[in-house]
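Please go through the following briefing with the model open.

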Amino acid sequence: MNKTIKFKILITFILNNKTITTSENSGMTLLDFVRYQQRLTGTKIGCREGDCGACTVLVGTLENDTIEYKSITSCISPLGNAHGKHIVTVEGTNLQDQLTTAQDAMKSNYATQCGFCTPGFVVALTGFALSNSENNYANALDAISGNICRCTGYKSIEKAAHHVVEKLENKDTTATEWLIKNGFIPEYFETIPQRIKDLKAKDLNQPKGQFVSGGTDLYVQQADHLIDNKVHLIAEKDYLKGIAIENGMCTIGANSTVSDLWNHTELNHYFPNLKKHLKLVSSEQIRNMASFGGNLVNASPIGDMTIFFLALNSTITISNENKNERKIFLKDFYQGYKTYDLQDHELIKNISFKLPTKASFFNFEKVCKRTHLDIASVNSALQITTENDVILKAHISVGGVAAIPKYLHKTSAFLTGKPLTSVTILEANDILQTEISPISDVRGTSDYKRLLARQLFYAHFTMIFPEQFTLNDFIQHA
């Protein structure tokens with residue numbers, strides 16, 4: 001007699017100081033598991049969209065015998081992505097009978113009022129202490145850029161961040177031991193690397209279901225559906241990871257994150273303003289978890305990294321379940337609003353582009369209502385190659401002005417071969433305006449978006465060629 005045996009997916013990880021093995025649906029959010037299954041209610045429910053940071057936790061991943069910690073928003077992170085890792089909630093940072101350094105910084109600087117957001121700030125500041133980031137005030141503020149407080153006005157919280165930076169001034173290279181000794185984290189953190197090894201967490205036995213990587217787009221749009229149905233988690237698929245530079249080309253795995261670019265030394269050499277540009281892309285928590293493949297497939301007309309890669313004239317490699325591959329230009333991928341050239345059981349495997357040369361330049365601009373963690377009203381990127389004040393090649397993209405992330409074919413073609421003058425740029429803007437068709441919505445009127453597209457287009461040239469152009473060169477002809 002034949003019997004059908006159903007295997008449950010067992011998710012294994014360490015939650016604070018406790019080893020967890022659960023058969024809960026891997027699509028359940030990490031936040032719900034922490035609060036409702038484990039009763040760790042210090043992790044708060046705020047927006048459920050990754051916007052407020054009240055649900056911030058740390059994810060520790062074993063890398064070369066050490067644990068690397070990053071902050072994420074647990075409200076839009078699937079539980080299955082915790083498999084084989086160390087998850088730290090605010091309770092997991094507590095010391096016995098005393099405040100941690102981060103907690104004391106918040107208290108000493110009167111950085112809390114109602115207290116709802118405080119655990120998220122404490123976890124984010126603890127993550128900063130655990131990270132390999134350079135210890136300075138700017139990086140500390142980046143660490144809490146995804147945490148919102150409605151009470152304090154932020155100045156007291158900024159003072160608390162400065163307090164943490166001061167306490168980290170003499171941080172030892174044996175970071176974990178030093179952090180324990182100086183009251184940043186409890187002693188059990190020293191045991192985590194070996195305990196993660198001992199878990200021997202094998203790859204999850206994945207069911208067929210909707211592909212999910214970081215989840216930062218999908219869990220905002222479809223959380224209820226994903227929580228109750230099967231998902232196929234791909235965040236840990238090795239063939240979708242990594243950044244490779246070879247023969248003047250850069251290839252980025254679809255599972256790579258903005259933080260992976262941020263921390264890539266060689267790419268920062270090729271793009272001197274890379275961190276400045278990436279700082280405009282969401283908050284540190286989201287930059288730590290959102291995948292490029294997910295960003296491209298979300299197909300948002302204002303997706304920051306989509307606009308970024310369009311201007312680099314990127315190609316994407318698409319792979320199916322039989323490992324057959326095809327390559328297309330990203331600018332040919334989008335077919336209409338939220339529709340694109342991707343068949344069932346296909347995935348974006350990687351993104352590749354030619355690296356800038358000494359004669360080529362890149363710039364990214366974005367206008368939104370607040371600096372961090374906001375959706376663009378209009379964003380734009382430009383890559384331009386020049387020689388003897390002649391434009392040899394140009395690639396321009398603009399978001400928020402069409403139903404798709406817009407690559408400007410006609411404007412890019414017009415600029416090619418033209419002299420690099422204000423007249424050329426003004427004429428190019430006239431063509432740009434014929435290629436876009438913005439609509440009025442909550443982010444601005446159609447006319448306002450046309451104005452922004454024009455101003456960002458001009459801004460590319462004033463930023464790349466500051467000695468040659470100023471904004472007045474263009475405004476006086478507007």
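Which hand does the crossing of H2 and H5 have? The crossing of H2 and H5 is right-handed, where a crossing counts as right-handed if the near helix is turned clockwise from the far one by less than a right angle, and as left-handed if anticlockwise. The model is a predicted one, in which local features need pLDDT of at least 70 and side-chain atom pairs count only at pLDDT 80 or more, while totals for chains, interfaces and linings use all residues. Residues are numbered from 1 along each chain as its sequence is written, and side-chain values use heavy atoms, with hydrogens and water left out.

**Helix packing**

- Helix H2 (residues 101-108) packs against helix H5 (residues 155-167) at an angle of about 140 degrees, their axes being 8 Å apart; axes are lines fitted to C-alpha atoms, for helices over the stretch in contact, and angles run from 0 to 180 degrees between N-to-C directions.
- That angle makes H2 oblique to H5, the class left over once angles under 35 degrees are called roughly parallel, over 145 roughly antiparallel and 65 to 115 roughly perpendicular.
- To the contact (heavy atoms within 4.5 Å), H2 contributes Thr101, Ala102, Asp104, Ala105 and Met106, and H5 contributes Ile157, Ala160, His163, Val164 and Lys167.
- The residues of this contact of H2 with H5 divide into 6 nonpolar, 2 polar and 2 charged.
- Helix H16 (residues 422-435) and helix H17 (residues 446-464) cross at roughly 145 degrees, with axes that come within 10 Å, and the crossing of H16 and H17 is right-handed.
- Among the residues making that contact are Leu426 and Leu432 of H16 and Phe457 and Phe461 of H17.

**Nonpolar cores**

- The largest nonpolar core has 39 residues, and those with the most contacts inside it are Tyr69, Met106, Leu168 and Leu179; such a core is a set of buried Ala, Val, Leu, Ile, Met, Phe, Trp, Tyr and Cys residues joined through side-chain atoms within 4.5 Å.
- Elements that give two or more residues to this core include strand E4 (66-73), H2 and H5, and the largest share of this core, 8 residues, comes from H3.
- Leaving aside neighbours within four places in sequence, leucine 179 is in contact with Ala129, Leu130, Leu168, Lys171, Phe184 and Ile185.

**A loop residue**

- Threonine 100, found in the loop between strand E5 (86-88) and H2, is buried, with a relative accessible area of 0%; buried means under 20% relative accessible area, exposed over 50% and partly exposed in between, with a 1.4 Å probe and protein chains only.
- Beyond neighbours within four places in sequence, threonine 100 is in contact with Thr93, Asn94, Leu95, Gly183 and Phe184.

Key:
Helix = DSSP H or I, 4+ residues; strand = E, 2+ residues; numbered from the N terminus. Nonpolar A, V, L, I, M, F, W, Y, C, P; charged D, E, K, R; others polar.
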